[in-house]
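Q: Here's the one I'd like to go through with you. Let's take it piece by piece.

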Amino acid sequence: MFKYIIISLLLCTFLSAESFDDFLHKAIKNSPYLESSALAVKQTKEKGNILTRYENPTLELEYSTFKPDRGNSDEGYRVNYSQPIRLWNVADDKRAVVSSNIKSANASFDQERAIFIRDISISYTLYSQSKMFLSLGEEELQIAKKIYDISVAQFQNGTISKGLKLQAQVDFEMSENSKYFLSLNSMQAYYSLLKFAGINEEIELDSAYDFTINADFQIINNPTLEVFKAQQNQVLSEAKLNSNSVEWLNLFVELENEPAQDIVRLGLNFPLAFFNDKSQEKTIATLQLNRTELLIKNEQMSLNIELIKLQKERESLLNLSKNSERILSTQLELLKMYEDGYKISNINLLQLQDIKNKVIETKRTLIQIHTALNQNAIYTNYIQGSYNE
């Protein structure tokens, strides 16, 4: 029954009105915020290229003059070419670090995208709710006008006092004023949604959309957990890289020309890890790994309890919706009886206005429940990881 109530509350939209799915796709595609986050991933890849690139070689050129105590002077020279060479296992470890850094950047981007989808969906539910409140305000105005017209007719027939007629008039005018406020709120919600989406032009947007839960209250790939796991892999790969006390060897070739002889040298030099064995880096990596594990454990517990809360909240909202629909059905029957009865007899006008107010309040409650159910589904989908690509 509620879906028919919601349809009756919605403003008529053109057939060309854009659906929420299309609107969301456009917002994701055009969002400068998400585009900036995507550039951060590319930036991480370029930093990876820096980490894995080779060091430049060095070239030494030397000119010598020989002046013996006796005899003529002579000349000589020396040429030295050296190239740092990364150890094979170090090269593999660096590539693993680059890979983990890129995965971590992608996980962060996916998290930001999921948060964007979650928040724009919440903003849309507020816009949709404002449109339904506005439509309900128009319905309230129509009922108030009907009661006012009945009171005018009864006053002219002398069956009610002027005071009761004026009271119906005040109720009608207050309903009219309330509609203006609701129209303002709807406009503000609409432009707030466009601003959030990064859309700088007015569009015809359908305000009717039901959000559903995509999974059965199970955490599959929550974006925050995925970020922590990616960071954990990042720490592990960096710890493995830091376990290499020596990363480079230096290969050199040297040609030396002297008056009496030519000398060719080929050799290697490498650092001795006596003082800088990277033990501190290893300790820091271990501590960071322990911190990340604790963060994952804490986040997992927090998400589990939040998911339980959302599930119980949804059950309560569904029960409340059923009860409200049953109450509304009785109220509508009573309202019609009072309206029909008031046309032919002197039924208490205050009672008629009171039941009208109760009908409007119950419908307003149903709209709020509908919005709460949509938001419950949005937060549930986000926690479960449904908004992750």
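This is a predicted model: local features need pLDDT of at least 70, side-chain atom pairs count only at pLDDT 80 or more; totals for chains, interfaces and linings use all residues.

Q: OK, strands then. Which residue is the bridge partner of Leu59 in S2?
A: That's Tyr81. On the S3 side, Tyr81 stands opposite Val253.

Q: And how many bridges join S1 to S2?
A: Nine, and the two strands run antiparallel.

Q: What about S2 to S3, how many bridges there?
A: Ten bridges join S2, residues 74-86, to S3, residues 248-257, again antiparallel. If you want a pair to click on, Ser82 stands opposite Phe252 in S3.

Q: Keep going. How many join S3 to S4?
A: Eight, with the strands running antiparallel. S3 and S4 make a hairpin that has four residues between them. Asn257 stands opposite Asp262 in S4.

Q: So in what order do the strands sit in the sheet?
A: It's S1-S2-S3-S4, four strands in an open sheet with antiparallel pairing. The edges are S1 (58-66) and S4 (262-269), each of which pairs on one side only.

Q: By how many degrees are neighbouring strands turned against each other?
A: On average 15°, ignoring direction.

Q: Switching to charges. How many salt bridges does the count come to?
A: It comes to 17. In general, side chains of opposite charge can pair when their charged atoms come close.

Q: Which residue does Arg265 meet in a salt bridge?
A: Glu254, at 2.5 Å from N to O. The pair ties S4, where Arg265 sits, to S3, where Glu254 sits, and the two are eleven residues apart.

Q: Is Glu254 buried or exposed?
A: Glu254 is buried: its relative accessible area is 10%, and the cut-off for buried is under 20%. Arg265 comes out partly exposed at 33%.

Q: Which residues are linked with Arg265 in a network of salt bridges?
A: The network takes in Glu60, Glu62, Arg78, Glu254 and Glu256 along with Arg265.

Q: What about Lys145, which residue is its salt-bridge partner?
A: Asp149, with 2.9 Å between the closest N and O atoms. Both lie in H4, four residues apart, which is about one turn of the helix. Lys145 is partly exposed at 35% relative accessible area, and Asp149 is partly exposed at 36%.

Q: Let's jump to H2. Which residues there are buried?
A: In H2, residues 20-30, the buried ones are Phe20, Phe23, Leu24 and Ala27. Viewed down the axis of H2, its buried residues fall within an arc of 100°, so they line one face of the helix.

Q: What's on the other side of H2?
A: His25 and Lys29 are there, both exposed.

Q: And what covers the buried residues of H2?
A: The cover includes H4 (88-156) and H5 (162-197).

Q: Last topic, confidence. What pLDDT does the chain average?
A: The average is 85, and 93% of the residues score at least 70.

Q: Where is the pLDDT below 50?
A: Over residues 1-15. Beyond near neighbours in sequence, that stretch has 28 contacts in the model.

How values were computed: Residues are numbered from 1 along each chain as its sequence is written. Side-chain values use heavy atoms; hydrogens and water are left out. Two strands pair if DSSP finds at least two bridges between them. Axes are lines fitted to C-alpha atoms, for helices over the stretch in contact, and angles run from 0 to 180 degrees between N-to-C directions. Buried means under 20% relative accessible area, exposed over 50%, partly exposed in between (1.4 Å probe, protein chains only). The arc is that of the directions from the helix axis to the C-beta atoms. Contact means heavy atoms within 4.5 Å. pLDDT is the predictor's confidence in each residue, from 0 to 100. A salt bridge is a side-chain nitrogen of Lys or Arg within 4 Å of a carboxyl oxygen of Asp or Glu.
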